[in-house]
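Please look over the model below alongside these notes.

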Amino acid sequence: MSPSPNTILHVFDLDGTLADTAGDLMASLDYVMVHQGFAATPMEDSRALLGAGARALILRALAAQGASVSDAKIEEMFQLFLSYYESRIADDSRLYPGVIEALDALSVRGDVFAVCTNKIERPARLLLEKLGVADRFAFICGQDTFGVAKPDPIPLLRTIEAAHGQKTRALMIGDSKTDIATARAAGVPVIAVDFGYTDRPIEEFSPDRIISHFSELPEAVEEFF
């Protein structure tokens, strides 16, 4: 059944927004890097590396070591990353505090939820299943779902369509410059969390609203609708 015309659709980023996944992502990156003869990456560097998907994570880690490899090697490392990551996808990953409570509060109002992430769709779905919330989302979009990644607006716009939402009644919730740029390009408002994966303060990217805890989300949404 399609949502009513007044339904608000919340489109969430995943890594650094709904869930703190840095531990599992960086452990998987280290496994790949060391396996290929490179050094492990310090965990404190994760904020500068995460947020654009696994391929970008590998490329950024290589660049940080001044290394350059062929496209074929990148693909090999990417496939190794996915295999290892899916085997331990929720060992250390957790939903951020207040996520469940916020979804519950917004659901009571009849709001609908979707995910639009630069994670590949399969591990995105697997992670949400492991965290026990996959069924809360009307649609889950990964980097490969529509063949293009954020900050291109197409993934967000098609996610809105797939979740039977309306652009005029939708908003993006994310943690990075990429999420804010995606929302701007799509013409929807954007709320940013200030606890995610960004190497610069999130306010520098001028989101419409910043929250520091998911308990603030229901009130923040009221400002737009």
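1. Cys141 first. Its sulfur lies 4.1 Å from the closest cysteine sulfur, in Cys116, which is too far for a bond. A disulfide is a pair of cysteine sulfur atoms within 2.5 Å. By that rule the count is 0 disulfides. Cys141 is buried, at a relative accessible area of 1%, and Cys116 is buried too, at 0%. Buried means under 20% relative accessible area, exposed over 50%, and partly exposed in between (1.4 Å probe, protein chains only).

2. On provenance: this is a predicted model, where local features need pLDDT of at least 70, side-chain atom pairs count only at pLDDT 80 or more, and totals for chains, interfaces and linings use all residues. Residues are numbered from 1 along each chain as its sequence is written, and side-chain values use heavy atoms, with hydrogens and water left out.

3. The sheet is open. Its 6 strands run in the order S5-S4-S1-S6-S7-S8, with parallel pairing. Strands (E, at least two residues) and helices (H or I, at least four) are DSSP runs, numbered from the N terminus. Two strands pair if DSSP finds at least two bridges between them. Which strands stand at the edges? They are S5 (139-141) and S8 (209-211); each has a single partner strand, so one side of each lacks a neighbour in the sheet. The twist from one strand to the next averages 25 degrees.

4. Within the sheet, S1 (residues 9-12) and S6 (residues 170-174) run parallel and are joined by 4 bridges. Val11 has Met172 in S6 as its bridge partner. Helix H8 (residues 177-186) packs on the sheet and touches S6 and S7 (190-193); its direction makes about 175 degrees with that of S7. Contact means heavy atoms within 4.5 Å.

5. Thr182 sits in helix H8. Is this residue buried or exposed? Thr182 is buried, with a relative accessible area of 0%. Leaving out residues up to four places away in sequence, Thr182 touches Lys150, Pro151, Asp152, Pro153 and Leu156.

6. Helices H4 (residues 71-87) and H6 (residues 121-130) pack at about 10 degrees, with axes 11 Å apart. H4 is therefore roughly parallel to H6, a label for angles under 35 degrees. Axes are lines fitted to C-alpha atoms, for helices over the stretch in contact, and angles run from 0 to 180 degrees between N-to-C directions. Leu82, Tyr85 and Glu86 in H4 meet Arg122, Pro123, Leu126 and Leu127 in H6.

Terms used:
Angles under 35 degrees count as roughly parallel, over 145 as roughly antiparallel, 65 to 115 as roughly perpendicular and the rest as oblique.
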